[in-house]
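Have the sequence and the 3D view ready.

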Amino acid sequence: MRTHDFGVYGARARRLATVLVTGMLAFAGVAVPSAASAAAPQATVCRWYLVKNGDQLGELAIRYGSSILEIRRANGLRTSTIFIGQRLCIPVTVKAPPPAAAPGSTAPQAAGPWAAEFWNNTDQSGSPVLKRTDSALSHNWGYGSPDSSRVFADNFSARWTRNIAFTAGIYRFGVQADDGFRLYVDGTLVLDQYGYEGEVSKAVEVSVPAGTRQVRLDYVEKTGVAMVKFNYLKVGAEPGAISQPPAQSQDWSADYFNNGDLSGSPVKVGRTKDINFNWGLGSPASNVQKDLFSARFVQSRDFVGGNYRVVAQVDDGVRVFIDDQLVMNEWRPQSYRTFVADFTLTPGVHTVRVEYV
């Protein structure tokens with residue numbers, strides 16, 4: 001198995017915001033459907049929301065497609081004043097759920113290869129509140145949910161399962177999500193970002209033997225935007241059993257300098273599990289100046305031989321070296337940018353060095 005980030009894929013070493021898009025706090029729930037017309041069945045749903053600092057009733061009404069008056073009526077509010085920690089019912093109109101199937105009958109399902117299940121909790125526990133099939137695993141619900149009449153808009157989880165016929169080879173599996181996910185191939189965990197909050201993109205290459213293999217994606221939405229997308233692509237002909245990821249117990253060494261050229265002695269040394277930072281207008285530490293500083297991250301690890309891609313999202317400059325060979329050189333003042341570099345590695349241990357300014 002071969003991951004492509006080295007801790008860098010999708011990671012963003014930015015200054016005026018290095019990276020990491022995080023979710024905003026918002027709790028939503030489900031309410032009882034109301035009467036609907038025969039021509040266009042609809043339901044009024046309470047999307048439960050926990051008020052946080054800075055919220056205003058008008059902004060919540062726009063975000064969730066309601067109105068100030070409707071929210072006030074639903075919560076018995078005499079004014080538009082709301083308070084931090086207050087639990088609001090935000091009424092929205094959605095398509096009513098289909099009636100329950102009669103005993104012995106089978107409810108129709110949308111055609112699709114993915115078996116999808118949804119829970120109103122963050123750990124797929126208990127019975128799912130919704131089962132269906134999806135033709136593709138590519139969803140962006142924004143601040144909504146997969147089904148407003150049944151699934152919470154926040155703090156829900158999902159699972160997609162599909163059996164796929166593979167020819168033997170190396171496959172690249174990619175997931176983009178907000179918030180976390182776990183990806184399994186034939187029962188083997190190949191990507192684990194379940195504890196992540198915010199938007200994240202990850203890819204991994206797996207050696208898959210010929211035959212029908214089960215692919216499973218577990219997803220969790222905490223708060224804010226709900227989005228998950230999956231794809232896969234055959235990138236090599238190497239056969240064999242699904243391999244385990246190389247040992248990643250070693251962290252990156254991290255050295256920080258109060259200058260823009262990594263010169264002299266570092267003012268801070270340490271280690272980090274990932275290169276994925278957002279310092280905003282600040283700096284990595286109190287003894288590192290907020291502007292005109294530089295950093296160096298180094299890690300040695302065992303790689304499967306093959307073609308690799310490194311992706312760096314950065315503000316301002318970045319350089320990437322593999323065994324002291326420069327593979328990416330974007331060392332200059334600039335606004336937030338994304339850079340890509342492709343290279344080939346032989347099997348064995350290689351040293352990756354990332355430099356940032």
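## A charged pair

Start with Arg 296 and Glu 355, whose side chains meet in a salt bridge at 3.5 Å, N to O. (A salt bridge here is a side-chain nitrogen of Lys or Arg within 4 Å of a carboxyl oxygen of Asp or Glu.) The two sit 59 residues apart, Arg 296 in strand β18 (residues 294–303) and Glu 355 in strand β23 (residues 348–356). Strands are DSSP runs of E, at least two residues long, numbered from the N terminus.

How exposed is each partner? Arg 296 is partly exposed, at 23% relative accessible area, while Glu 355 is buried, at 4%. Buried means under 20%, exposed over 50% and partly exposed in between, with a 1.4 Å probe and protein chains only. Salt bridges with shared partners also join Arg 296, Arg 319, Asp 324, Arg 353 and Glu 355 into one network.

## About the model

This is a predicted model, where local features need pLDDT of at least 70, side-chain atom pairs count only at pLDDT 80 or more, and totals for chains, interfaces and linings use all residues. Residues are numbered from 1 along each chain as its sequence is written, and side-chain values use heavy atoms, leaving out hydrogens and water.

## The sheet around it

Strands β18 and β23 belong to an open sheet of 6 strands, ordered β16-β15-β18-β23-β20-β21 with antiparallel pairing. (Two strands pair if DSSP finds at least two bridges between them.) At the edges stand β16 (268–272) and β21 (325–330), each with a single partner strand, so one side of each has no neighbour in the sheet.

Note on methods
Helices (H or I, at least four residues) and strands (E, at least two) are DSSP runs, numbered from the N terminus.
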